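I went through the sheets, then the helix packing, then the chain contacts.

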Amino acid sequence: MTTLLIHLWVSLAVAAPPTGLTVEPPPHNGGLNLDLSWELPEDDGGAVSGYAVLRATDEAGPYVLVADALPAGTHTFRDKVTTDPRVDPLLDTYWYRIVSLELGAAPFVPADPDTPDPEAHASWMLSSFAATAPVVGQPRAVWINTRLGWLHLMALIGVVGGLMLYYARRAQQGEEIFIRRIPGIDAIEEGIGRATEMGRPVLYVPGIDELQDIQTIASMLILGQVSETVAEYQADLIVSCCIPIVREVADEVVKAGFYQAGHPDAYNPADVRFISSEQFAFTAGTNGIIHREKPATNLYLGRFFAESLILAETGFVNRSIQIAGTAEATQLPFFVAACDYTLIGEELFAVSAYLSRDPRLVSSLKASDFIKIYVVVCLLLGTLLNTLGYTYLVQLFTLGEGG
Amino acid sequence: MRRTAPLVVTFVVGVIMVGEYFIPHYRYRMITAELIEWGLVLAAAAFVLGLINLVQVNLPKVIRREQDWAYKLVMLIALVCTITAGALGGKDRLGDGQIYKWIFDFLFTPLNATMFSLLAFYIASAAFRAFRARNVDAALLLGAAVVVMIARVPIGESIPVIGDYLPKIMNWIMDVPNIAARRAIFIGAALGAVATGLRVILGIERSHLGSDG
């Protein structure tokens, strides 16, 4: 009986609205977000089971529902006022109201259950529950993200770029640049020579990721050098691609490589193949190439996932020399286990410069090495300072949100 | 001009796209969103070229009856059937009773799973070779792998005396040396990626245009 009375009291009680609603643009923001915050009513978590956020372009409305059933205890909300300003232009002002949802209240029943109607939903909420008075918010966009971490990153990229240009200039003036020997990269040329001697092709797999992935880009740069060397040796090259746009770029790169080596006639577009954009269909197709065309050397350079070991083991069974390179840490053990040489992480990005022997490119590696030293020093110093309670260096490397 | 134009386009687009990380203003993001959409359209158009390449590579081999031509014929027939079923099905091609959905559910999915399941056997054969203790490094690898493998299976904990310690040793291996090595790889790779990106944007790297640039 007591429970019934409590339930009846709760369901009849009119939940109080939140107070002190403020709407502010977040700092370092692109202008599409507004941060809402409010003070919770006394019956939060009791008669008030949650909150809804309503937005309008005019104080009088009509309001639309932008967030429903925020749980009790919620007192902040970030609203993205428009997802695409090209379609839904950004306005100067937006009006907001917060509704206290009552415990046990009947849910909103739309006229057409299949078509959400945020405006009718908001109107029903305003007529059924207590809500704050309308509060206006003005989006504000900033041009530069001035957070310390982002400024630091910007400075680092600028320094790397500057150092690259500086060392490229010095290399052009004839300065010798030392680069350590990387056996895996040396093996690429040996592998191409082996394929030539055996009269069998070289298989090149540029990973399975999209063209915009930096590992695929690095792979395309390496392919330029590889195709030039293959053309010089007058060997055959098969490129197996998983993404159509990657095939198109690979085709151009191989064509340029053969042209550069003085053997444009040896270039065969049918050797740069699109297999399938499905991961395992691509794997099956590439395995088929390994079994049928028996390449003497397999180069797996780019971003790989679960297919890495299937490809590498098939190549092992085929007795090909295999050189792999990826920055995908989860696939490195598979390549290490199944391939003759594996280029780990950053080595993949150094291959093109190393193979080209171009002083400008080799010198650019020196620039990134300086940044590496800087990062290592910051890591050691940051660990020490953080242990002693000074968090300045940690803040320097904390990006936070990008805006 | 043949070389300069791509370098200029790469520089301009590269700088704009890098700028996205540091310039949060929505008007700037509208420009980058537009550029990304152009990229998506180009990538989608490349599917048509990929299709043409697929036919160009495989059809002549079927006509000339080259080695394993029958597999290529099956592939071409599957290609035509899937495209036809998808085109005829239209927007409802993934609805119940549609041929396209049937192809997806009862041909593509099992074949995909079959390829993926091969991985288990390949892992076994690769592990067998990798775990031979030929030198100190390989012996360390073998030792760590044995501890992690035994600790991960229920029988590991029931081994007398060491059973209680195995999960702790495994956790230490996974959390300390493993994570340390992975982070080193990540940091190195990230810096390498930045350097590669800048080399391309600044026009220092021209391998993709032919090395004589």
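**Entry 1: the six-stranded sheet**

I started with chain A and found an open sheet of six strands, paired in parallel and ordered S10-S9-S8-S11-S12-S13. I note here that the model is predicted. I then looked for the edges of this sheet, which are S10 (272-274) and S13 (341-344) of chain A. Each of these two has a single partner strand, so one side of each has no neighbour in the sheet. For the twist I noted an average of 15 degrees from one strand to the next.

Next I took one pair out of the sheet. Strand S8 (residues 202-207) and strand S9 (residues 237-241) of chain A run parallel and are joined over three bridges.

Helix H7 (residues 279-293) of chain A lies across S8, S9 and strand S11 (297-303) of chain A. The angle of H7(A) to S9(A) is about 160 degrees.

**Entry 2: the three-stranded sheet**

I went on to an open sheet of three strands in chain A, with the order S1-S2-S5 and antiparallel pairing. Which strands are at its edges? I found strand S1 (19-24) and strand S5 (76-80) of chain A there, each pairing on one side only. The twist in this sheet averages 20 degrees from one strand to the next.

For the pairing in detail I looked at strand S2 (residues 33-39) of chain A, which is antiparallel to S5(A) over five bridges. In that pair I found Ser37(A) opposite Thr76(A) of S5(A).

**Entry 3: domains of chain A**

I looked up how chain A is divided and got three entries: domain 1 (2-137), domain 2 (144-176 + 366-403) and domain 3 (178-357). Between the centres of domain 1 and domain 3 of chain A, taken over C-alpha atoms, I noted 56 Å.

**Entry 4: helix pairs within a chain**

For each pair I wrote down two values, since packed helices are described by the angle between their axes and the distance between the axes.

In chain A I took helix H4 (residues 183-198) and helix H5 (residues 214-233), which pack at about 35 degrees with their axes 10 Å apart. I recorded a right-handed crossing for H4(A) and H5(A). From H4(A) the contact draws on Ile188(A), Glu189(A), Ile192(A), Gly193(A) and Thr196(A). From H5(A) it draws on Val226(A), Thr229(A), Val230(A) and Tyr233(A). By class I have five nonpolar, three polar and one charged for the contact of H4(A) with H5(A).

In chain B I took helix H1 (residues 4-19) and H2(B), where the angle is about 125 degrees and the axes are 10 Å apart. H1(B) and H2(B) are therefore oblique to each other. I noted that H1(B) passes H2(B) in a left-handed crossing. On the H1(B) side the contact residues are Val13(B), Ile16(B), Met17(B) and Gly19(B). On the H2(B) side they are Tyr28(B), Ile31(B), Thr32(B) and Leu35(B). The contact of H1(B) with H2(B) has six nonpolar residues, two polar and no charged.

**Entry 5: where chain B touches chain A**

How many residues of chain B are in contact with chain A? I got 58 residues of chain B against 74 residues of chain A. Helix H2 (26-63), helix H4 (99-130) and helix H7 (166-201) of chain B each supply at least two residues of the chain B side. The largest share of that side, 16 residues, comes from H7(B). Sorted by class, the chain B side has 35 nonpolar, 16 polar and seven charged residues.

The axes of helix H8 (residues 307-317) of chain A and H4(B) come within 9 Å and cross at roughly 60 degrees. That angle makes H8(A) oblique to H4(B). The crossing of H8(A) and H4(B) is left-handed. H8(A) brings Leu309(A), Ile310(A) and Glu313(A) to the contact. H4(B) brings Leu118(B), Leu119(B), Tyr122(B), Ile123(B), Ser125(B) and Ala126(B). My class count for the contact of H8(A) with H4(B) reads seven nonpolar, one polar and one charged.

Terms used
Residues numbered from 1 in each chain as written. Chains lettered and ligands numbered in written order. Predicted model: local features only at pLDDT ≥ 70, side-chain atom pairs only at ≥ 80, totals over all residues. Contact = placed C-beta atoms within 7 Å. Helix = DSSP H or I, 4+ residues; strand = E, 2+ residues; numbered from the N terminus. Nonpolar A, V, L, I, M, F, W, Y, C, P; charged D, E, K, R; others polar. Axes fitted to C-alpha atoms, helices over the stretch in contact; angles between N-to-C directions. Parallel < 35°, antiparallel > 145°, perpendicular 65-115°, else oblique. Left-handed = near helix turned anticlockwise from the far one by under 90°. Domains from an automatic or database assignment. Pairing = 2+ DSSP bridges.
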